[in-house]
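Hi everyone, thanks for coming. Let me walk you through a structure that may be new to you; please have a look at it first.

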Amino acid sequence: MVSTRANKFTGTNLEELLKQKKAETLVIVGSAANGAVMYTSFHANTRGFTVVVAEDGISSPTPINTVLARYQLLNQPGFINAANTPLADKKVTLSRGDLITFR
C-alpha cells in the first residue's frame with residue numbers, strides 16, 4: 001500500500017519497489033475506481049506492467065463512476081483491451097477476487 005494522491009506512482013518509490021520484487025503483473029483494488037484505481041492502472045501500463053483490477057474490490061461514492069471506470073480501464077488509448085482478454089500484456093484486465101491467485 002502506498003499513500004499519496006490518485007496516481008500511486010507519482011511522488012513515491014512504488015515503481016522502484018515493484019522492480020526490486022521483479023513484479024510484472026499488478027493487482028489493483030481501491031475505493032476510488034475513477035481516481036486512484038484508474039490513474040494507477042494507466043501509469044502501471046505505461047511503465048510496462050500488466051494490470052488486473054478486481055471488479056469486486058473497487059468502488060466509488062457514486063456508482064456510475066465505478067461503471068465508467070470499468071469502461072475506461074479497458075479502453076484507455078494505446079492500451080485497449082476492450083474484449084477483456086485475460087492477462088493481456090501491459091494492459092488492464094478486469095477480473096474478480098475469487099479468480100485471482102498469487103505465485
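I'll start with the whole chain and then turn to one residue.

A word on the source: this is a predicted model, where local features need pLDDT of at least 70, side-chain atom pairs count only at pLDDT 80 or more, and totals for chains, interfaces and linings use all residues. Residues are numbered from 1 along each chain as its sequence is written, and side-chain values use heavy atoms, with hydrogens and water left out.

So, how many helices and strands does the protein chain have? There are 3 helices and 3 strands, counted as DSSP runs (H or I, at least four residues, for helices; E, at least two, for strands). From the N terminus on, they run α-β-α-β-α-β. The chain is as compact as a globular protein of its length, because its radius of gyration is 13 Å, close to the 13 Å that the globule rule gives for 103 residues. That radius is taken over C-alpha atoms, and the rule is 2.2 Å times the number of residues to the power 0.38.

Of the 103 residues, 36% count as buried, meaning under 20% relative accessible area with a 1.4 Å probe, protein chains only.

Now for our one residue. Ser-95 lies in strand S3, residues 92-95. Is Ser-95 buried or exposed? At 15% relative accessibility, Ser-95 counts as buried. Leaving aside neighbours within four places in sequence, Ser-95 is in contact with Val-52, Val-53, Ala-54, Glu-55, Asp-56 and Ile-100, where contact means heavy atoms within 4.5 Å.

Conventions:
Buried < 20%, exposed > 50% of the residue type's maximum accessible area, 1.4 Å probe, protein only.
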